[in-house]
Amino acid sequence: MTNDNRQALFDKLLDYLQSPPPPPEYLGEPPESAPAFDPYQMVSEWIALRQEMKQQGKLLQTAQERLQQELKVARSQNEELQQRIETSQQKVSVQYATEFAVQEKRFEKEQENLLKAILGVLDALDRACVHWQESSSPEMSLSSPPQSWRGKLGRWLSRLGQKLSSDPPTSAPTALMETIESDRQGVELIRRTLLDILKQQQVVPIVAQGQPFDPQRMYAIGRQESDEPENTVIQEVVRGYLWRDRILRETQAIVSAGKGGEISPLFKEG
């Protein structure tokens, strides 16, 4: 559309707007003081309204862009904070796991030392029970050589009998044997109690007597000629024990060298 056509159309619009429309029949006569219509004022108001709308649109777009930028920054900060939290949780988890592993290892080491100490007490009780069994056997003689503890016990009994000459001759030895038997039963009870405690802690003895030598569980302190097959445990010097799935203490034993085999004390197999 050319400028002339636009001008003509605009002139027609002005003529139409300036020409008063005929009043409806029901209105009667037009009022004498009707305000005149100003099309220029309407156009100027429309242009001002349009400019204001454009300005408000720009402000709204600016606010929307700023809000989007702030939202983007907030999301970035949230992701960074989430990453920091996850990193901190991982560090704390690793730290706790490391400390727990160290504490568990330390506790296990202390428990192992305690169990080994109990084994030392149990060895002493085993030796005491063996001595009492030997002392109560029929082969016991009070006239043994003086360098043995049996000879010393015989001499002590003789002196005790002389002091108690008024009593029957058999009263002192009988009372002594009853005391020894009572003490033996008490030691045997303590020994069984310790064995029960060790069993509750999953500590079990290693069966070695008459078994083939196992270098993973046993320590050979010597070899002796024997009718048993070679490398068979013929004497258990110190009993070994297993704790859970590992060796708490090796068995110290003497193994068979077979018939005519070489005797070699103090060595370790394997």
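Predicted model: local features only at pLDDT ≥ 70, side-chain atom pairs only at ≥ 80, totals over all residues.
**Surroundings of T232 and overall fold**

T232 touches G210, Q211, P212, I254, V255 and S256, leaving aside residues up to four places away in sequence. T232 lies in the loop between β2 (218–224) and β3 (233–238). Its relative accessibility is 9%. Buried means under 20%, so T232 counts as buried. The side chain of T232 also reaches the backbone oxygen of P229, at 2.9 Å.

The chain as a whole contains 4 helices and 6 strands. Along the sequence, these elements follow the pattern α-α-α-α-β-β-β-β-β-β.

Of its 270 residues, 20% count as buried. T232 is one of the buried residues. The chain exposes about 21,000 Å². Carbon and sulfur atoms supply 55% of that area.

A nonpolar patch is found on the surface. M42, V43, W46 and I47 form this patch. Together they have about 380 Å² of accessible area. V43, one of the patch residues, is found in helix α2, which spans residues 39–135. The relative accessible area of V43 is 35%. This value falls between the cut-offs of 20% and 50%, so V43 is partly exposed. T232, in contrast, is buried in its loop between β2 and β3.

Key
Residues numbered from 1 in each chain as written. Heavy atoms only, no water. Helix = DSSP H or I, 4+ residues; strand = E, 2+ residues; numbered from the N terminus. Buried < 20%, exposed > 50% of the residue type's maximum accessible area, 1.4 Å probe, protein only. Areas by Shrake-Rupley, 256 points an atom, 1.4 Å probe, with all protein chains shown as cover. Polar contact = N/O pair within 3.5 Å; in protein donor to acceptor, adjacent residues only side chain to side chain. Contact = heavy atoms within 4.5 Å. Patch = residues over 30% accessible without salt bridge, like charges linked within 9 Å, V, L, I, M, F, W, Y side chains within 5 Å. Salt bridge = Lys/Arg side-chain N within 4 Å of Asp/Glu carboxyl O.
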